[in-house]
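Here are a few notes to go with your first look at this structure. Have it open beside you and take the points in order.

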Amino acid sequence: ARLLFLAAFACGGVGFLKLTRKLGIGLPAQLTFATALAFAPLSRDGLGIGTPTSADNVGLAIFPWLALATLHLLEKFQGHRDYKESVPLFLLLGLGAGGLYLVKYSWFVAGATLAGFTGAAVFLIVRKIPFSRRLAVMAAYAVGFFAPFLALNSYNSSRSGYDALQYNEA
């Protein structure tokens, strides 16, 4: 299991470095970021840095690739004419961002930030696409984003007989 966590950390590190290149961040800043990223597990695992044990590494492995996929889809959406093709892709990205909640609650915050960025980009940056189509893709994204959260809440409610968040209370 520790090797999988180490592999997840490495996968996330590569993803974050690829994200810095995609965003056009210069090489000195990339090297600084890589150094800080390399020492991040030290704050959690101490001298056991070679075998990280935190579920945070799973979120670290997922998030940068999810952010890259979001940027790619936004670029494609902005220049593409067939909007129906984009709806299922936005739904899947919403599921990915919301699914971070299943990894660890603190990664849900990162997923919510990505969702906020996606919404801002669709409604404020991609202006040449009709509003109804932008609304449709963001509705699909929102359904995907909240589905894992509501599914886990429903599962916990059915297992315990109590809805901790009281969303299903009458």
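This is a predicted model: local features need pLDDT of at least 70, side-chain atom pairs count only at pLDDT 80 or more; totals for chains, interfaces and linings use all residues.

**Notes on a helix pair and some aromatic rings**

1. Is serine 86 buried or exposed? Its relative accessibility is 2%, so serine 86 counts as buried. If you set aside the neighbours within four places in sequence, serine 86 touches Phe77 and Val137.

2. Now zoom out to the helices. Two packed helices are described by the angle between their axes and the distance between the axes. For helix α4 (residues 86-103) and helix α6 (residues 131-160), the angle is about 30° and the axes are 7 Å apart. The cut-off for roughly parallel is an angle under 35 degrees, and α4 and α6 are therefore roughly parallel to each other. The crossing of α4 past α6 is right-handed.

3. Who meets whom here? On the α4 side, the contact residues include Ser86, Val87, Phe90, Leu91 and Tyr101. On the α6 side, among them are Val137, Tyr141, Phe145, Pro148 and Phe149. Sorted by class, the contact of α4 with α6 has 17 nonpolar residues, five polar ones and no charged ones.

4. On to the rings. How many aromatic pairs are there? The count comes to nine. Take phenylalanine 63 and tryptophan 107: their ring centres are 5.9 Å apart and their planes are at 40°, so this pair is tilted. Phenylalanine 63 belongs to helix α3 (residues 56-79) and tryptophan 107 to helix α5 (residues 105-125), so the pair ties together parts that are 44 residues apart in sequence. Both phenylalanine 63 and tryptophan 107 are buried.

5. Another pair to find is tyrosine 101 with phenylalanine 108, which is edge-to-face, at 5.2 Å centre to centre with 75° between the planes. Why does tyrosine 101 count as buried? Buried means under 20% relative accessible area, and tyrosine 101 has 18%, so it falls in that class. Phenylalanine 108, at 14% relative accessibility, is buried too.

6. One last thing to trace: ring pairs join Tyr101, Phe108, Phe145, Phe146 and Phe149 into a cluster.

Technical notes:
Residues are numbered from 1 along each chain as its sequence is written. Side-chain values use heavy atoms; hydrogens and water are left out. Axes are lines fitted to C-alpha atoms, for helices over the stretch in contact, and angles run from 0 to 180 degrees between N-to-C directions. Helices (H or I, at least four residues) and strands (E, at least two) are DSSP runs, numbered from the N terminus. Angles under 35 degrees count as roughly parallel, over 145 as roughly antiparallel, 65 to 115 as roughly perpendicular and the rest as oblique. A crossing is left-handed if the near helix is turned anticlockwise from the far one by less than a right angle, and right-handed if clockwise. Contact means heavy atoms within 4.5 Å. Ala, Val, Leu, Ile, Met, Phe, Trp, Tyr, Cys and Pro count as nonpolar, Asp, Glu, Lys and Arg as charged, and the others, Gly among them, as polar. Buried means under 20% relative accessible area, exposed over 50%, partly exposed in between (1.4 Å probe, protein chains only). Rings of Phe, Tyr and Trp (its six-membered ring) pair if their centres lie within 6.5 Å; planes under 30 degrees apart count as stacked, over 60 as edge-to-face and the rest as tilted.
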